[in-house]
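Here is a short report for a reader new to this structure. Please look over the sequence and the model before reading on.

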Amino acid sequence: MFDSDDWGAIRMRDPAAFAELASHGLQMEASAYHRLDCIESRADLEQLFNLLNSFRDNTGGPPVFTFNTIMGNPDFDAIKASEFTTYVHEPFLKSYLQYRGEDLEPLWRNAIREKIIQPQFHGREHVNVGLWMRDLQQGHQETRCAFEHDYYGLTTTTSAERRRKYLAAHWPAAAGHLELIRIAVTEGLGLFETTFGFPSRSFIACNYVWPDELEATVAEHGVRLIK
């Protein structure tokens, strides 16, 4: 079994957005993720699933990918319409339609039935909502610029000490953020079970950091393994 993170997360919208952000002076060469990481397409999934189905073990079963799944992404239009006062979440299956123009839900369902993927919970979204929204509200120039291109994964100087990115969704960056994280994780685990029809038994925190207090929350909702 292979573990793989960030399924469902949008990251970079397209090459044009990358070029635009670079032209505004953002540090787009600071990480290969800025250039290469984007939400998966039908072709991406089909190529992976076909490869997995081409192998069998001694019991006749295929290799299995654990899809540590991000259950959704920021709804940039709705957040902007609220003048950055309200965070709005968009389910990842809707993001496929939004960013790829593709309905990939049947592809996921079939891969689960064929037991070549096993989704597990990674996060409601891969952005630190409290920190990101605070910087958007305060008019942080680079963060606002990235937002205009549907991007939150930039490398910048945030308003949090020792944090140069917004990707650590489960780390409380300020007083009051822990409760926001608990709510997001609880909602995310509920979305996971509603979407897939079974609960997630494992949890891998975004960027592999989380507060000790979160462990009781995920345990209360059926998680038995933190990776």
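## Terms and basis

Axes are lines fitted to C-alpha atoms, for helices over the stretch in contact, and angles run from 0 to 180 degrees between N-to-C directions. Helices (H or I, at least four residues) and strands (E, at least two) are DSSP runs, numbered from the N terminus.

The model is predicted: local features need pLDDT of at least 70, side-chain atom pairs count only at pLDDT 80 or more, and totals for chains, interfaces and linings use all residues. Residues are numbered from 1 along each chain as its sequence is written, and side-chain values use heavy atoms, with hydrogens and water left out.

## Helix 3 against helix 6

Two packed helices are described by the angle between their axes and the distance between the axes. Helix 3 spans residues 42-53. Helix 3 packs with helix 6 at an angle of about 15°, and their axes are 11 Å apart. That makes helix 3 roughly parallel to helix 6 (angles under 35 degrees count as roughly parallel, over 145 as roughly antiparallel, 65 to 115 as roughly perpendicular and the rest as oblique).

Which residues make the contact? Helix 3 supplies Arg 42, Leu 45, Glu 46 and Phe 49. Helix 6 supplies Leu 107, Trp 108 and Ala 111. Contact here means heavy atoms within 4.5 Å. By class, the contact has five nonpolar, no polar and two charged residues. Ala, Val, Leu, Ile, Met, Phe, Trp, Tyr, Cys and Pro count as nonpolar, Asp, Glu, Lys and Arg as charged, and the others, Gly among them, as polar.

## The buried face of helix 6

In helix 6, Leu 107, Trp 108, Ala 111 and Ile 112 are buried. Buried means under 20% relative accessible area, exposed over 50%, partly exposed in between (1.4 Å probe, protein chains only). Seen down the axis of helix 6, the buried residues fall within an arc of 135°, so they line one face. The arc is that of the directions from the helix axis to the C-beta atoms.

Helix 3 is among the elements covering these residues, and so are strand 1 (2-7), strand 2, helix 5, strand 5 (117-123) and helix 9. Just after helix 6, Lys 115 takes a positive phi of about 60°.

## The buried face of helix 5

Helix 5 covers residues 92-100. Phe 92, Leu 93, Ser 95, Tyr 96 and Tyr 99 are buried in it. Down the axis of helix 5, its buried residues fall within an arc of 150°, so they too line one face of the helix.

They pack against strand 2 (65-70), strand 3 (72-74), helix 4 (76-81), strand 4 (89-91), helix 6 (105-113) and helix 9 (177-196). Gly 101 follows helix 5, with a positive phi near 65°.

Phe 196 belongs to helix 9. Phe 196 is buried, with a relative accessible area of 9%. Leaving aside neighbours within four places in sequence, Phe 196 is in contact with Thr 69, Met 71, Phe 92, Trp 108, Arg 109, Ile 112 and Pro 119.

Asp 3 sits in strand 1. At a relative accessible area of 45%, Asp 3 is partly exposed. Beyond neighbours within four places in sequence, Asp 3 is in contact with Thr 66, Asn 68 and Lys 227.

Most residues other than glycine have a negative phi. Glu 83 has a positive phi, near 60°. Phe 84 has a positive phi, near 65°.

Phe 84 counts as buried at 7%.
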